[in-house]
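Please open the structure in your viewer and keep the selection panel at hand.

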Amino acid sequence: MGKLERLAVNDEGFIFDPETGNSYTVNKTGLFIIKFLKEGKSEEEIVKALSEKFDVSEEDARRDLVDFMEQLRLYGLLEGENV
Amino acid sequence: MKEVYEKPVILKLKTGMMNKFGSSPAYARKVRKDIDGVPVEELIEEFGSPLFVFSEKKLRQKFREVKNAFTLRYPNVEFSWSYKTNYLDAICAVLHQEGETAEVVSEFEYEKARRLGVPGNQIIYNGPYKPYDSLVTAVKERARINIDHFEEIADLEKVADELGVKPRVGIRLNMDTGIHPQWSRFGFNLESGQALDAVKRIASGGKLELVGLHCHIGTFILDPHAYEVEVKKMVDFAYTVEDQFGFKIEYLDIGGGFPSKNRLKGIYLPPEVAVPSVDEFAERVCSALLSSLRPGDYPKLILESGRAIVDEAGYLITTVHAAKRLPSGLKAYVLDAGVNILFTAFWYKFNIEIDREVHGTSEPCVLYGPLCMNIDVVDDLTYLPPLPRGTRLILSPVGAYNVTQWMQFIRYRPAVALIGENGEVDLIREAEDLTDIVRREKLPERLKLEW
């Protein structure tokens with residue numbers, strides 16, 4: 001099981017990492033992406049879902065997703081299967 | 001109906017740590033869609049990005065504010081525009097219209113002022129390096145020359161012989177006014193007696209008429225008291241000169257150095273709090289003058305204020321070219337303007353405004369310029385919401401020194417626009433292109449490439 005799957009995430013965007021004890025907050029779009037990542041969705045699927053739900057082009061969504069994944073990686077939240 | 005999009009952001013929560021800076025809440029975010037009523041986007045469409053924009057309204061307003069502060073307190077004041085701060089023709093012309101004379105520090109600036117139509121006798125010629133030929137011209141055209149060193153006294157005596165005239169000159173003093181660093185490299189030192197030696201030297205030569213004293217204690221001076229000390233020392237010295245040598249000191253030029261509402265790096269308080277008002281400076285200077293001058297004696301007070309007048313009239317519009325994430329987790333933006341055209345970024349923390357509402361949490365970020373050099377940092381830590389590519393940032397105040405100290409390194413220098421008092425927009429300096437840079441180059445025949 002990947003790191004992401006173990007995170008406790010509530011509906012308001014509060015995230016708790018039981019391994020390290022660190023907590024995080026994410027905004028609405030960030031939460032949306034994390035939920036998809038936890039379900040093991042691919043980047044392309046997430047980009048599509050983002051552009052369907054939010055007022056954003058696929059191109060911008062793709063660019064922002066790359067940056068967001070980068071943030072997760074820097075916090076050590078992406079590893080194993082998610083990398 | 002789709003939901004409003006915000007760039008995805010994740011923030012690590014830290015407890016037990018003090019954060020006195022806050023993270024710039026949404027209400028503190030600064031949006032600027034226009035400059036003096038002209039939309040930012042319209043300016044960029046017409047002149048390209050990056051773009052320097054000056055507000056004529058702000059410039060005149062600022063000058064009048066400084067002028068009133070002094071003229072209300074002392075009856076004989078002259079303002080002389082410090083060319084080095086900004087010598088764009090249009091900016092100088094506005095200030096000359098407002099009644100400023102020209103203060104130049106090189107033969108180039110002297111020529112530029114003359115070309116603009118400023119008469120020689122309305123020019124003050126300062127600086128440590130005045131080539132001989134330029135002294136001949138300046139004396140012929142009756143510019144006011146403030147002497148920096150003994151060699152220059154000799155040069156001017158030679159000019160006097162050559163032209164058969166007795167030039168009226170000033171000498172530059174340097175002194176201890178209680179501030180650091182003390183500028184001691186320009187002019188003659190007061191405390192050591194060097195300044196008095198210079199007067200003796202001028203008197204014994206008999207070829208020059210000493211009529212003025214000049215001093216410039218430093219730059220971005222935040223302590224008005226320093227000017228009070230400067231003025232008192234200058235008045236005392238003027239009377240020593242008058243009593244001992246029979247010269248009449250007609251002007252006291254106290255230089256410039258007044259700060260603008262810019263934020264110096266390393267100063268915690270915002271400029272609105274840290275920077276004293278111009279009235280405080282004027283009060284100190286003028287009351288020091290009135291309390292130390294002899295009754296009925298009102299020598300001309302000359303001010304060479306530059307930054308305090310033009311800095312806040314200048315803006316730079318720059319565009320976000322790329323966003324990236326640094327290994328430290330810090331967000332970074334690459335802008336199309338860097339230290340090549342924003343020399344003052346080395347010591348100021350600019351006010352940053354965004355041209356549109358951007359949704360999302362503010363994040364700590366660093367702003368880089370377009371140069372492939374590590375030093376090209378416009379702001380090493382600020383808080384901005386996630387900016388999409390193409391967002392314009394409006395940086396200010398940038399009106400002082402940037403358009404004179406900018407360098408043509410790797411990139412062309414951008415256009416400069418002026419917004420008039422009635423909202424008219426004029427291009428006052430075109431963006432450079434290759435012809436500007438290669439015009440002076442010569443390629444030897446034998447090196448011509450045959451590809």
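Leaving aside its neighbours within four places in sequence, with which residues is I91(B) in contact? Select I91(B) in this predicted model: the residues in contact with I91(B), beyond those sequence neighbours, are F54(B), N86(B) and V310(B). I91(B) belongs to helix α3 of chain B, residues 89–97. It is classed as buried because 26 C-beta neighbours lie inside 10 Å, the threshold for that class being 20 or more.

Next, select the two sides of the interface. Here 23 residues of chain A are in contact with 18 residues of chain B. On the chain B side, β1 and β15 (314–325) each supply at least two residues, and β1(B) gives the largest share, with 3 residues. By class, this side of chain B has 9 nonpolar, 3 polar and 6 charged residues.

An open sheet of 4 strands runs in the order β1(A)-β2(A)-β3(A)-β1(B), with antiparallel pairing. β1(A) (8–9) and β1(B) (10–12) stand at the edges with a single partner strand each, so one side of each lacks a neighbour in the sheet.

Within chain A, select β2 (residues 14–16), which pairs with β1(A) in the antiparallel sense over 2 bridges; there, V9(A) has I15(A) as its bridge partner.

Finally, go to β3(A), residues 23–26, which is joined to β1(B) by 3 bridges in an antiparallel arrangement. In this pairing, T25(A) stands opposite L11(B).

Methods:
Residues numbered from 1 in each chain as written. Chains lettered and ligands numbered in written order. Predicted model: local features only at pLDDT ≥ 70, side-chain atom pairs only at ≥ 80, totals over all residues. Pairing = 2+ DSSP bridges. Buried ≥ 20, exposed ≤ 12 C-beta atoms within 10 Å, placed from the backbone. Contact = placed C-beta atoms within 7 Å. Nonpolar A, V, L, I, M, F, W, Y, C, P; charged D, E, K, R; others polar.
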